[in-house]
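Please read them with the structure open.

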Amino acid sequence: MLYEHIKERMLANPGQWVGDESRRMTYRALLEEAERLGGGLDRRKYGILCRSELDTARALLACFSAGRTAVPLSARYGDGQIRGIIAGMGLSHLITEEGVEQVAPEQPEPEELTGVALIMSTSGTTGRPKGAMITRENLLANLRDIEAYFRLEDTDHILIARPLYHCAVLTGEFLISLLRGLRITFTAAGFNPAKLLDLIRRRGITVLGGTPTLFYHLSDLVCRGGEEAPLRVIAVSGECMTQAAANRMRRAFPKTLVYHVYGLTEASPRAAWLPPEEFDAAPLSVGRPLASLQARIVGGELQLAGPSIMK
């Protein structure tokens, strides 16, 4: 159901494209490549370890198309942590740019993988990495909730500057953009506000997600340069907002819709959002729970329940 939903929505905009700083492919071509790769996947789960986010995107869609469980990894973890995750999650095969390679002996696959689209590695704040099992229905529920509030248009162009192994980027930037028919550009610029601002202006980027720290420095460049950037929508998350960052963002982007959002990997990940109309009055708030979620605070702890909470 997940892949069928994504495919149907992508084929409503078949000529729209996804790319990076050197390549691009149409939605239709991306689907065809993903299905070609997915046709050869016969294990229940696959690690994904690609150097480029465009290839990671293709591998993710391949796993979705084949009904396999994807485990996104990153070279940024370091060899030791990657080996630990491979062993801890019992991964025998990885998808890389070169194709599928076996990295460990095959093991019996547990039944609890039934319905699981993703295993996302998360360590919380201080813990060891654990695998959060995100089902196809979890993702669909979260995407429906995000789409209900996130004002994206098929004329928008999103710049994705963070890796897809972050659940917030995978669901809240990449997959939602496919559903809404956006142009998508991946960049390896990372935390480089000057390069990101140059890309935003040269490529006509209208949507960007990032942390308050990133937007603080990006806003500072815009204010000092005196030239507006074409951002129509900002989604800010990943760390606590500060009043200084909020003030700087509003000076740099006075007409931009700013969504302050909150989530956690275990919730697929989006859990709450602050409407842009309320950002100036309460920029430190992450707003209200998503439509399908129940939230309560017990003993200072936030508790969430709903269809997007991990298996």
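**Notes on the cavity, the fold and the salt bridges**

1. Arg 162, Ala 168, Gly 172, Glu 173, Gly 209, Ala 235, Ser 237 and Arg 270 line the largest cavity. Bear in mind that this is a predicted model. The volume of this cavity is about 40 Å³. How many cavities of 30 Å³ or more does a search of the whole structure find? The search finds one.

2. Which helix gives the most to the lining of the largest cavity? The answer is H6, with three residues. By class, the lining has three charged, three polar and two nonpolar residues. Helix H6 spans residues 167-180. Its residue Arg 180 comes up again in point 6.

3. Now the chain as a whole. Its secondary structure comes to 17 strands and nine helices. The radius of gyration is 19 Å, close to the 19 Å from the globule rule for 311 residues, so the chain is as compact as a globular protein of that length. Along the principal axes, the C-alpha atoms fill a box of roughly 55 × 50 × 40 Å. Of the 311 residues, 53% are buried. Take the contacts between residues at least 6 apart in sequence: 66% of them join residues at least 24 apart.

4. On to charge pairing. Side chains of opposite charge can pair when their charged atoms come close. With a cut-off of 4 Å between a side-chain nitrogen of Lys or Arg and a carboxyl oxygen of Asp or Glu, the count is 23 salt bridges.

5. Glu 21 and Lys 195 form a salt bridge through their side chains, at 3.8 Å from N to O. Glu 21 sits in the loop between strand E1 (17-19) and strand E2 (24-26), and Lys 195 sits in helix H7 (residues 193-203), so the pair ties together parts that are 174 residues apart in sequence. Are these two residues buried or partly exposed? Glu 21 is partly exposed, at 37% relative accessible area. Lys 195 is partly exposed too, with a value of 37%.

6. Glu 147 and Arg 180 make another salt bridge, with 3.7 Å between the closest N and O atoms. This one runs from helix to helix: Glu 147 is in H5 (residues 136-149) and Arg 180 in H6 (residues 167-180), so parts 33 residues apart in sequence are tied together. Glu 147 is partly exposed, with a relative accessible area of 21%. Arg 180 counts as partly exposed at 23%.

7. What is the N to O distance in the salt bridge of Asp 220 and Arg 248? It is 2.6 Å. The pair links distant parts of the chain, 28 residues apart, with Asp 220 in helix H8 (residues 212-225) and Arg 248 in helix H9 (residues 243-252). Asp 220 is partly exposed, with a relative accessible area of 22%. Arg 248 has a relative accessible area of 16%. Buried means under 20%, so Arg 248 is buried.

Technical notes: Residues are numbered from 1 along each chain as its sequence is written. This is a predicted model: local features need pLDDT of at least 70, side-chain atom pairs count only at pLDDT 80 or more; totals for chains, interfaces and linings use all residues. Side-chain values use heavy atoms; hydrogens and water are left out. Helices (H or I, at least four residues) and strands (E, at least two) are DSSP runs, numbered from the N terminus. Buried means under 20% relative accessible area, exposed over 50%, partly exposed in between (1.4 Å probe, protein chains only). On a 1 Å grid over the protein atoms alone, a cavity is a set of points where a 1.4 Å probe fits but cannot get out, and a pocket is an open set with protein on both sides within 12 Å along at least five of seven lines; lining residues have an atom within 4 Å of a point. Grid points are joined across faces, edges and corners, and a volume is the space filled by probe spheres set on the points. Ala, Val, Leu, Ile, Met, Phe, Trp, Tyr, Cys and Pro count as nonpolar, Asp, Glu, Lys and Arg as charged, and the others, Gly among them, as polar. The radius of gyration is taken over C-alpha atoms; the globule rule is 2.2 Å times the number of residues to the power 0.38. Contact means heavy atoms within 4.5 Å.
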